[in-house]
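Let's take a friendly walk through this structure together. Have the sequence and the 3D view ready, and follow along one part at a time.

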Amino acid sequence: MTTIALTHVLILASILFVIGFVGVIVRKNTLFMLMSLEVMLNAVGVAFIGAGSAWQQADGQVMFILILTLAAAEVAVGLALLINMQRRYRSLDIDILARMRG
Amino acid sequence: MSLLALLPFYPLISFLILISFGKKLSWQLASTISIGAMLLSAGSSAVLINQLGNSESQLITAHLWSWFSLTTTQGSATINVAFYLDALSAVMIAVVTGVGLLIHIYAAAYMKSDENFSRFMAYMNLFIVAMLILVLADNLVLLYLGWEGVGLCSFLLIGFWYQEKANVLAARKAFIVTRIGDTSMAIGLFLLFKSLAQLTIVDVNQAAQLSWKIGDADAYWIALLLLGGAVGKSAQLPLQTWLPDAMAGPTPVSALIHAATMVTAGVYLIARMHEVFLLAPEVMTYTAWLGALTLLLAGVAALAQHDIKRVLAYSTMSQIGYMMLALGAGAWSAGVFHLMTHAFFKALLFLTAGSVILALHHQQNLFKMGGLFKKLPVESLLFIIGLYCLVALPGSSGFFSKEAIIAELWSSPTAGQGLWYCAILGALLTSIYSCRLFFLAFLGKARGNSNLEQHQDGHQENSSQGHLLRLPLILLALLSLFGGLISLDLSSVFSSAIATQAQTNFINEPSWLHTVAIVTPFIGIVFSWFYFKSYRENSCDNIKSSTGAISTFCKSGLGFDRLYQYVLVRPYCCIAKINRRDIIDQVLMLSAWYTKLWYEVLSASQNGSLRWYAAVIGIGVVGLAGVVAL
Amino acid sequence: MMITLLMVGLLLSGALAWYVEGKKVHSARWVALVSTVFLLVYFVLSIIFSSQQNYSELTVLTRVTWIDAFHIEYALAIDYLSIVLLMLTLFLAIICVLVSWHEIQEKAGFYYFNLLAAIAGIVGVFCAVDLFLFFFFWEVMLLPMTALIAIWGHEHRQFAAIKFFIFTQVSSLLMLVAIISTAYFHYQAVGQLSFYYQDWLALDIPLELASYLMFGFFIAFAVKLPSVPVHSWLPDAHTQAPTAGSVLLAGVLLKTGAYGLIRFVIFLFPEASHQFAPVAAVLAVVSILYGAKMAFAQTDFKRLVAYSSISHMGFVMLAVFSFNEIAYQGAIVTLIAHGLSSAALFSLAGMIYSRIHSRDLNDMGGFFKSAPRMGGFALAFAGAAFGLPGLANFIGEFFSLVGAFSAFPVLVVFAAFGLIGSAIYGMVLFQTTFQGPATATLSDLSLREIIISASLLMLLIIFGLFPNIILQYSHYIGVVL
């Protein structure tokens with residue numbers, strides 16, 4: 001099959017990363033923030049796959065599995081926190097949680 | 001302890017007793033203590049002067065203790081608390097203790113009803129202590145101590161009735177204006193020490209003659225600075241503005257301090273330091289001109305005054321101008337002689353004025369007086385005697401001293417013809433304002449002394465007070481009339497000066513000089529007789545004081561007060577007020593403001609919002625990456 | 001040993017006062033009074049009966065290794081300069097205790113502890129000859145002082161205490177840098193790190209480096225002195241401090257700055273100071289005139305006296321940087337005289353404050369009628385402030401100006417205008433408070449207050465008329481310019 005140039009993969013990865021990052025910053029709803037975080041993680045994963053493919057090594061795929069595991073764990077904790085927040089504050093607006101101000 | 005050493009201690013002890021036990025002492029006890037101390041001092045002075053006359057060296061000294069030593073790389077000069085009595089100091093202590101004693105007796109009667117009587121007599125005694133130290137000091141630092149001491153006592157006495165704001169301000173003004181003169185003198189002392197490494201007067205004179213030629217720059221500056229000091233204390237141009245306001249003090253104070261003694265301290269200083277002044281002839285000319293200008297200025301101002309004491313104050317200023325003129329012209333003995341005679345008749349005038357004021361229930365405005373010749377005959381006679389001497393009519397002590405001065409002016413190397421004319425004009429002015437004073441107060445119709453009658457009854461009750469008031473006046477009157485016959489032999493003091501003077505050529509003087517000098521006061525009297533006719537006559541009920549611009553200008557002392565107010569006082573107060581919060585502090589507090597600003601910025605950035613933190617992390621990473629890439 | 005005992009004695013009595021106050025109210029002040037009097041007497045007696053009679057050179061009393069790794073020692077030494085200043089300190093300690101007798105009601109025990117600890121620190125400052133130890137005591141004397149201002153001061157005490165603390169700290173840090181650099185230089189020159197003063201005296205530092213080192217020290221002492229332009233901590237600190245705090249600050253703390261200038265700046269770096277002298281002299285004259293002008297402008301009694309302190313210490317700096325015997329003697333006498341006279345003026349301010357609870361001059365006037373004794377003392381102390389001859393301040397100012405005149409004639413002419421300025425603010429202070437129409441009726445001085453005022457005035461008069469008591473022990477052993 002035709003190999004995709006590493007550059008293209010990295011560009012895709014960075015665009016996805018930026019989209020995810022902007023999403024984290026811009027979205028107020030915690031659930032959407034978590035989803036944007038997922039996008040960021042997946043973008044990193046794409047970057048790793050591409051790199052592994054470019055250098056013909058399996059390490060890229062291994063890293064992706066690591067990232068997947070990490071994402072899963074993080075989502076579990078994150079969703080637990082989210083449910084707690086919903087119970088406490090009756091809203092998922094992240095800006096409510098601003099008591100640790102300087 | 002020798003008699004000389006003890007001389008200032010009698011009034012000092014009296015001061016300490018009066019100030020400690022003040023209110024608890026009765027009038028009799030307090031006056032006895034203070035007058036007793038003065039008697040002891042006056043008696044000691046008389047004995048000392050007698051001893052001096054009989055002594056070989058014309059000198060008596062007393063060493064009390066060694067004050068301090070000034071050590072330079074060249075050696076060390078020891079400044080002692082020591083007294084030095086020669087002919088010049090003898091004249092001074094005679095005036096200070098003699099006239100002082102008479103004024104103390106008068107003051108005891110005058111201030112009898114004042115509730116702070118002890119405090120008043122205490123301050124008077126302290127003043128005498130300081131004045132004696134001033135004239136007896138054998139070195140300039142001890143003289144400076146006396147100098148400042150009399151300044152402080154003058155302050156305390158002018159502001160004696162301190163509840164009135166006007167008196168407080170007058171006292172402050174006197175102190176600060178004289179302080180300016182004192183600073184000039186202090187700088188002169190520094191320069192003197194740097195130049196000659198001596199501050200004891202005898203050593204200074206010796207070293208000056210050895211080290212300096214005539215016209216030496218050091219001599220010039222030192223003499224000029226000492227002149228500055230003298231000008232402040234003696235209320236001459238340009239530091240004369242404090243003297244008229246000083247009349248806010250009780251009349252005995254005006255007589256003692258502002259006529260007979262403190263204001264003559266400047267004259268004493270110049271006479272004492274005559275060796276230095278002889279080496280700086282330009283400064284002697286300045287002295288003469290300053291004296292002449294003050295003489296004329298004060299004379300003109302005296303013509304426009306409303307208050308009896310202010311006329312006398314300007315008169316004092318004018319007469320001291322004569323003394324300065326004499327010293328500047330090199331007529332040292334004449335100047336000191338005039339100092340002595342002036343003390344007599346000016347004290348007489350002030351104290352008589354005091355009696356008049358007391359009799360009129362504290363009325364001092366000339367335009368509310370009049371016709372006192374009939375009501376107060378004794379006081380009028382005494383006043384006439386005083387004015388007779390002031391105007392220097394023939395036979396009085398004032399005549400002898402003034403003529404002695406004027407005689408030396410024409411041919412003096414440092415004075416000259418212009419100054420002679422000034423002196424004659426001054427004599428004319430003196431006679432005119434004296435006549436004006438006399439006519440307004442004593443002749444003419446009685447204006448506004450309705451309360452005179454009531455007070456005269458009260459007057460008869462305290463006859464002892466009346467006697468106490470009259471006795472010093474009579475003695476002073478006798479001294480004023482016959483004091484001119486006292487011959488002062490100051491040749492031992494001014495020996496070198498007399499040597500220089502012998503070379504002065506008196507031959508080229510015009511013959512009419514003496515005649516004109518004698519006749520001038522009479523011209524003035526005749527002029528005043530006609531010009532102030534309205535004041536004399538019985539017909540005018542209400543004489544209005546002139547309110548024209550020139551008159552007001554003269555009344556205010558020829559505008560000097562205004563000038564100093566605008567040039568010195570207002571700017572200083574303005575700068576002080578503007579910078580009250582200290583601009584340097586404000587600049588340094590900018591750093592605190594800056595820190596606070598950063599505090600606010602940084603604490604605003606800790607707003608607790610997660611999205612904000614994430615954004616900052618992102619921007620930071622991008623920034624770092626950019627820095628690394630570059 | 002004696003000095004260590006002195007310091008330990010002060011600290012222990014402070015601790016004792018703190019403890020005892022908890023048991024019985026008003027007992028702390030008695031403990032403090034007894035201990036300060038006892039320690040002053042002890043010090044005077046040990047000096048008189050010491051085996052060594054001549055203290056014109058520095059006499060080392062203690063020298064013990066402290067921190068071996070950096071060769072830091074616990075070294076104390078005294079000479080006439082330190083003895084004179086120590087006597088002033090211990091005498092003013094008694095005055096401080098007497099002045100706070102009724103003023104301090106809350107936490108009195110802790111207050112006397114702080115007071116005595118500050119004095120202990122000051123004693124250490126005057127005696128330390130190991131520079132690290134000196135710096136240690138320099139900081140130690142600051143902390144209780146800040147506490148005194150911050151806890152028992154007046155309305156803006158927090159601000160004043162923080163300002164005081166930071167100002168002094170920043171300047172001390174510069175001094176620390178200089179100390180460490182000099183120690184390091186010593187290491188490079190001799191091969192061993194040393195903080196000992198006598199070792200440093202023997203060093204030969206190149207002018208370039210010495211200028212920077214001297215400047216570091218100078219900054220710290222100029223802030224303490226204080227000198228324009230780093231003087232602005234003083235008015236706030238003095239005004240907001242409790243009366244004893246002001247007395248201690250004006251009477252003693254300022255003298256540590258002058259002491260440092262003499263002991264370290266002039267003697268450790270002579271050529272550098274000679275080079276710097278014109279600048280220092282100009283700053284001194286500016287302090288004299290600026291202080292006098294600012295004093296005149298104030299409406300707060302204590303603030304006025306605070307600015308007058310700045311003016312007087314200008315004379316000290318001018319004298320110290322003139323490098324001759326007369327000026328040096330003038331500086332020493334001014335230190336003593338100013339210590340006594342400003343202590344007296346601040347005590348007076350405290351006495352007035354305790355009666356009318358205001359420091360504002362507009363609230364005062366005509367007090368002479370109801371309190372003539374207080375008025376009399378006030379006039380005497382105002383006279384000290386403007387250099388009335390017969391009091392010690394005149395001797396100090398006269399000597400300083402005569403001595404400085406041979407080095408800086410033009411500057412001294414300007415400085416002499418300070419004499420006029422001081423007369424202006426001195427008289428304005430006295431007249432606004434005690435003369436004019438009466439605004440309030442005051443009770444006259446109590447016995448305790450008479451003791452304070454009379455003892456201070458007595459000393460001022462004695463030193464004014466017999467200055468040889470101080471002068472014979474103050475001789476300049478440096479290089480004459």
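## Where chain B meets chain A

Let's begin at a contact between two chains. In this contact, chain B supplies 10 residues and chain A supplies 11 residues. On the side of chain B that touches chain A, the largest share is five residues, and they come from helix α29 (residues 610–629) of chain B. Sorted by class, this side of chain B holds three nonpolar, six polar and one charged residues. Keep in mind as you look that this is a predicted model.

## Chain A: three helices

What kinds of elements build chain A? There are three helices and zero strands, and along the sequence they follow the pattern α-α-α. The radius of gyration of chain A is 17 Å, well over the 13 Å that the globule rule gives for 102 residues, so chain A is more spread out than a compact globule.

Of the 102 residues in chain A, 13% count as buried. Among contacts in chain A with a separation of 6 or more, 50% are between residues 24 or more positions apart.

## Chain B: helices and a hairpin

Now turn to chain B, which has 29 helices and two strands. Its C-alpha atoms fill a box of roughly 110 × 65 × 55 Å, taken along the principal axes. Buried residues account for 53% of the 630 residues in chain B. For contacts in chain B with a separation of 6 or more, residues 24 or more positions apart make up 81%.

How do the strands of chain B pair, parallel or antiparallel? Strand β1 (residues 60–71) of chain B and strand β2 (residues 76–85) of chain B are antiparallel, with 10 bridges between them. To see one place where they face each other, find T61(B), which stands opposite Y84(B) in β2(B). The hairpin of β1(B) and β2(B) has four residues between the strands, and there G75(B) takes a positive phi near 160°.

## Chain C: a hairpin and a helix

Chain C has a hairpin to explore as well. Strand β1 (residues 59–67) of chain C runs antiparallel to β2(C), and seven bridges join them. One pair to find is T62(C) with its bridge partner L76(C) in β2(C). Four residues lie between the strands of this hairpin, where H71(C) takes a positive phi near 60°. Strand β2 (residues 72–78) of chain C is mostly covered, with six of its seven residues buried.

At 1.5 Å a residue, the 34 residues of helix α6 (residues 157–190) of chain C should span 50 Å, and its end C-alpha atoms are 48 Å apart, which agrees. After α6(C) comes G191(C), with a positive phi near 105°.

## Where chain C meets chain B

How many residues does each chain bring to this contact? Chain C gives 37 residues and chain B gives 34 residues. On the side of chain C that touches chain B, the elements giving two or more residues include α11 (270–297), α13 (325–356) and α15 (392–407) of chain C. The largest share of that side, 10 residues, comes from α16(C).

What classes do the residues on this side of chain C belong to? They divide into 26 nonpolar, nine polar and two charged.

Key: Residues numbered from 1 in each chain as written. Chains lettered and ligands numbered in written order. Predicted model: local features only at pLDDT ≥ 70, side-chain atom pairs only at ≥ 80, totals over all residues. Pairing = 2+ DSSP bridges. Buried ≥ 20, exposed ≤ 12 C-beta atoms within 10 Å, placed from the backbone. Contact = placed C-beta atoms within 7 Å. Nonpolar A, V, L, I, M, F, W, Y, C, P; charged D, E, K, R; others polar. Rg over C-alpha atoms; globule rule 2.2 N^0.38 Å. Expected span 1.5 Å × (residues − 1).
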